[in-house]
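Hello,

Here is the structure for you to look over. My notes come after it.

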Amino acid sequence: MSEEQLQKPIDCADVKGEAEKISTTEGGIKTAEDKEKGAVAEASGEQAEGEVNQKKVVANPLKSEGTITIGEALEAAVLTAGNKPVEWSDAAAIQAAEVRATGRTNIMPGGVAASAQSAATLNARVGSDDTKTTLADVLTGASSKLPSDKAATRKDAEGVTGAEMRNDPHLTTYPTGVAASVDAAARINQSK
């Protein structure tokens, strides 16, 4: 690779597009004959020789194309407030977000909300900010930890904001925290 290619940031859309171009025949190398067979098969609706029949993935009806999910909004909070120690207000906001994303009324053991509550309990007992559990520790990979996820809506943002405010001693939200991330996701989704 050239120095210029190493310095260039990776565009996920480009990588996905390139991955879709790679054929499953002979290690991804297509000959002119293979390309011709594929083109004929596509035109006739048949399967070309050596190609794998791929099933279409059924999209989640609650998540439309190009929208930001609640899990992704939680992961975005890591970028904006990842170094912030988890407090009770954060744990309440994360719990509200998990409930809205999954549709379940109870907290899943080992889930994001349970981890946040444990972190808030431990952080209340620890004196030094250096040893406290941060939002990054709890929310990294949040969308993969949720059993189901849905696009963030204004109603979701209001619920998460209310939970964070009710559990804050000053009845406020953290400017770049969990509620702010879900609110931003809802605004972006609403504008689409």
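The notes below go from the whole chain to one residue.

This is a predicted model, where local features need pLDDT of at least 70, side-chain atom pairs count only at pLDDT 80 or more, and totals for chains, interfaces and linings use all residues. Residues are numbered from 1 along each chain as its sequence is written, and side-chain values use heavy atoms, with hydrogens and water left out.

Mean pLDDT (the predictor's confidence in each residue, from 0 to 100) is 78 for the protein chain, and 66% of its residues reach 70 or more. Over residues 10-62, pLDDT stays under 50. The model has 27 contacts beyond four places in sequence for that stretch; contact means heavy atoms within 4.5 Å. Where pLDDT is low, the predicted coordinates should not be read in detail.

Next, the fold. The protein chain has ten helices and zero strands (DSSP runs numbered from the N terminus: helices are H or I, at least four residues; strands are E, at least two). Of contacts with a separation of 6 or more, 73% join residues 24 or more positions apart. Of the 192 residues, 34% are buried (under 20% relative accessible area, 1.4 Å probe, protein chains only).

Now Ser-181. It is found in helix α10, residues 178-191. Is Ser-181 buried or exposed? Ser-181 is buried, because its relative accessible area is 10%. Its side chain reaches the backbone nitrogen of Ala-77 at 3.5 Å. Leaving out residues up to four places away in sequence, Ser-181 touches Ala-73, Ala-76, Ala-77, Thr-80 and Thr-176.

Best wishes

Conventions:
Buried < 20%, exposed > 50% of the residue type's maximum accessible area, 1.4 Å probe, protein only. Polar contact = N/O pair within 3.5 Å; in protein donor to acceptor, adjacent residues only side chain to side chain.
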